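Please work through each task before reading its solution.

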Amino acid sequence: MEAYLGIGSNLGDRWAHLRTALAGLVVLDAGVVVSPVYETAPVGGPASQGPHLNCVARIDTELSPRELLGIAQRLEAEAGRVREERWGPRTLDVDILLYEGFTSDDPELTVPHPRMYERAFVLAPLEDLAASLVPGDWHTRVAVDRDSLRRVGVLLGPFTTVAAGRARHGDSGGPASGPGC
């Protein structure tokens, strides 16, 4: 089954946390595809927390959604994630956004992710991977400060990267690069 996961970090070595999470997903699917990485202002939580790095990964898996959730939570724990406050700073956040043929409103596993269509930091990288999964009008419906959503690089490693083909939110549209390259 095809699944899309949102991955983010705003504590410690954010690039390393993203790379480690993706390496953990490669164990499930060597063909993991990852979007460009965006730096975004935090949404909710304490005003003093730093900016997030966010990307979306697409995997093909035979795991059930609950098993995949367990893997996501294990990756977060291995990165030292501590859940002290809702929307607080975190070393790593791995959310199941979409899982092919599956929906759930269980509080422990809500799929599609309940706020994904309200968050530019999810919609921009998801659009880079699968534009058909994103509402075409999201740019006008979702409040986006052009300075708070910037494409900052790509993650290269034992997985495939997808570079977006068009400029967005102040990006020059040129090849992405950054500390994660």
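**Fold and conventions**

Along the sequence, the elements of the chain follow the order β-α-β-β-β-α-β-β-β-α-α-β-β, where helices (H or I, at least four residues) and strands (E, at least two) are DSSP runs numbered from the N terminus. The model is predicted: local features need pLDDT of at least 70, side-chain atom pairs count only at pLDDT 80 or more, and totals for chains, interfaces and linings use all residues. Residues are numbered from 1 along each chain as its sequence is written, and side-chain values use heavy atoms, with hydrogens and water left out.

**Exercise 1. State how many helices and strands the chain has, and describe its burial and contacts.**

Step 1. The chain has four helices and nine strands.

Step 2. Of its 181 residues, 48% count as buried, where buried means under 20% relative accessible area, exposed over 50%, and partly exposed in between (1.4 Å probe, protein chains only).

Step 3. Take the contacts (heavy atoms within 4.5 Å) between residues at least 6 apart in sequence; 68% of these join residues at least 24 apart.

**Exercise 2. Identify the residues with the most contacts inside the largest nonpolar core, and the element that gives the most to this core.**

Step 1. A nonpolar core is a set of buried Ala, Val, Leu, Ile, Met, Phe, Trp, Tyr and Cys residues joined through side-chain atoms within 4.5 Å. The largest has 30 residues, and Ile7, Leu22, Leu25, Val37 and Ile96 have the most contacts inside it.

Step 2. At least two residues come from each of β1 (2-9), α1, β4 (52-60), α2 (65-78), β5 (93-99) and β7 (109-111). Helix α1 gives the most, with six residues.

Step 3. Leaving aside residues up to four places away in sequence, isoleucine 96 touches Tyr4, Leu5, Pro65, Leu68, Leu69, Leu109, Thr110, Val111 and His113.

Step 4. A second, separate core has 19 residues, including Val56, Met116, Phe121 and Ala130.

**Exercise 3. Explain why helix α3 is largely enclosed by the rest of the structure.**

Ten of the ten residues of α3 (residues 120-129) are buried, so the rest of the structure largely encloses this helix. Among them are the charged residues Glu127 and Asp128.

**Exercise 4. Characterise the lining of the second largest pocket.**

Step 1. The lining has 14 residues, of which Val43, Arg119, Ala120, Phe121 and Ala143 lie nearest the centre of the pocket. On a 1 Å grid over the protein atoms alone, a pocket is an open set of points where a 1.4 Å probe fits, with protein on both sides within 12 Å along at least five of seven lines; lining residues have an atom within 4 Å of a point.

Step 2. The lining divides into eight nonpolar, two polar and four charged residues. Here Ala, Val, Leu, Ile, Met, Phe, Trp, Tyr, Cys and Pro count as nonpolar, Asp, Glu, Lys and Arg as charged, and the others, Gly among them, as polar.
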